[in-house]
Every structure is written in structure tokens, then in C-alpha cells.
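User: Hi! I'd like to go through this structure with you, one question at a time.

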Amino acid sequence: MKKVHMFGAAAAAVFIMGIFVFLILSPSAESTTGEGNMADDYFLDSQEKNDTEEAVAEETEPEAAEVDTAFVMVDVKGKVASPDVYELEQNKRVIDAVEMAGGLADGADASQVNFAARLQDEMVIYVPAEGEETTPLNMESTDVQADGESLEKVNLNTAEAAELETLPGIGPAKSAGILSYREENGLFTSAEELKEVSGIGDKTYEQLQDSITVE
């Protein structure tokens with residue numbers, strides 16, 4: 001009887017000890033779990049902060065400056081390999097436009113061309129043939145020179161094909177049309193009458209109206 005009592009007492013002691021150990025270990029586990037959660041939260045907060053800082057840096061980072069290069073349109077005519085309208089950078093010179101047009105053709109009179117002149121928008125570059133005389137209009141896009149002197153305008157009633165082709169937008173086909181119109185209808189009574197010529201509309205007329213006369 002005494003042994004049974006002692007066995008029961010021992011079992012009770014073991015049970016109590018088990019409860020005591022459980023109570024001690026449980027808070028430790030919760031504490032460990034809590035520390036793990038805090039570490040995870042800290043990692044996530046740090047990652048989110050880094051992502052935000054990178055996004056702000058990308059938004060505030062200055063963009064590379066765009067280079068705005070100006071271009072001009074010039075009309076290369078006369079004794080060149082490929083007469084046409086060409087687009088070049090504004091800082092280029094006449095020699096660059098002539099080279100783009102294929103260079104000088106046989107029989108060109110280079111002595112009448114200022115190859116060092118800087119290009120201007122709507123400039124007409126006319127390379128005359130040897131023995132051909134041209135007017136200063138050959139190298140200008142307006143009717144006023146840099147020194148302020150007025151240039152001679154092209155007279156629609158007296159100009160021949162070569163002189164007409166010094167005008168912006170006027171090539172061999174249009175100059176022939178002007179001469180045919182003049183032969184069929186008589187002298188031009190106004191500069192605006194030029195729009196009656198086949199192939200010459202408002203846009204072309206606007207380009208050359210300051211360079212022509214009917215005097």
C-alpha cells in the first residue's frame with residue numbers, strides 16, 4: 001500500500017514538472033517567433049525603403065540634354081552633277097552643298113561661286129557655265145545683301161531660262177513653262193500672274209515673290 005502511494009506521488013511530481021517545463025519553454029518559443037517576425041518586418045521595411053529611394057532617384061535624375069541641330073534647305077542649280085533641293089546642317093557652307101549635289105559638272109565656272117559662304121535657308125546656289133554671266137541673286141535667298149544694298153530682281157518679262165532657274169523652286173521644267181506662257185499670252189502684267197503658269201502654285205509663288213518683278 002505504501003509503495004502504491006509513493007508511485008502515485010512520483011507520477012504527480014513528474015506531471016507537475018512537465019507542466020513547469022512547458023510553461024518555461026512556451027514563452028521562449030513565442031519570443032523566438034516574435035524575434036523572427038521582427039526581423040522579417042525589418043527586412044521588408046528596408047527593402048521597401050530602398051525601392052522608394054531608387055524610384056525617387058530615377059524620377060529626379062536629369063535627362064541627357066537633347067541636341068537641337070538646325071537644318072536649312074538650299075536649291076543647288078546650274079553646272080552640278082545632280083541639281084536639286086538639299087537639306088544640310090545650318091553651319092555648313094556652299095562647298096558642302098555643291099558636294100552633296102555631286103560636285104561640279106563639266107564646263108562649270110567655279111570662279112563665279114563663293115564656296116566659302118555659309119548656307120542660309122532657301123538659298124539658291126547657282127553654278128554658271130563657263131562664259132555665262134550671272135547676277136548677285138545667284139548666291140542669296142533674299143533681295144538684300146549683307147551690306148544692305150538691294151539685289152536686282154529677276155524680270156519675268158525679259159529673263160531667259162538660265163536666269164529664271166536662279167529663282168527658288170524654279171527648275172528647267174518650270175522655267176520652260178514660264179517662257180511658253182510668255183510666248184502664248186504676252187508679257188506678264190503682274191508678278192502674281194506667274195501662278196497661272198502650269199506647275200507654279202501658291203507655295204512656289206510665296207518662295208519667289210520677293211525676288212521677281214514685271215517691270
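User: What do the buried residues of helix 4 pack against?

Analyst: First, a quick note: this is a predicted model, where local features need pLDDT of at least 70, side-chain atom pairs count only at pLDDT 80 or more, and totals for chains, interfaces and linings use all residues. Residues are numbered from 1 along each chain as its sequence is written, and side-chain values use heavy atoms, leaving out hydrogens and water. Helices here are DSSP runs of H or I with at least four residues, strands are runs of E with at least two, and both are numbered from the N terminus. The buried residues of helix 4 pack against helix 3 (161-164).

User: Which residues of helix 4 are buried, and what arc do they cover?

Analyst: Buried means under 20% relative accessible area, exposed means over 50%, and partly exposed is in between (1.4 Å probe, protein chains only). In helix 4, the buried ones are Ser175, Ile178, Leu179, Tyr181 and Arg182. They sit on the same side of helix 4, because the arc they cover around the axis, taken from the directions from the axis to the C-beta atoms, is only 160°.

User: Which residues are exposed on the other side of helix 4?

Analyst: An α-helix has 3.6 residues a turn, so residues three or four places apart point the same way. On the other side of helix 4, the exposed residues are Pro172, Ala173, Glu183 and Glu184.

User: Which residues are linked in a network of salt bridges?

Analyst: A salt bridge puts a side-chain nitrogen of Lys or Arg within 4 Å of a carboxyl oxygen of Asp or Glu. Glu192 and Lys195 make one at 3.3 Å, N to O, and Lys195 also meets Asp202 at 3.1 Å, N to O. So Lys195, partly exposed with a relative accessible area of 28%, takes part in both bridges. The network links Glu192, Lys195 and Asp202.

User: Which residues is Thr213 in contact with, leaving aside its neighbours within four places in sequence?

Analyst: Thr213 lies in strand 5 (residues 212-213), and counts as buried because its relative accessibility is 16%. Contact means heavy atoms within 4.5 Å. With those neighbours left aside, Thr213 touches Lys153, Val154, Asn155 and Leu156.
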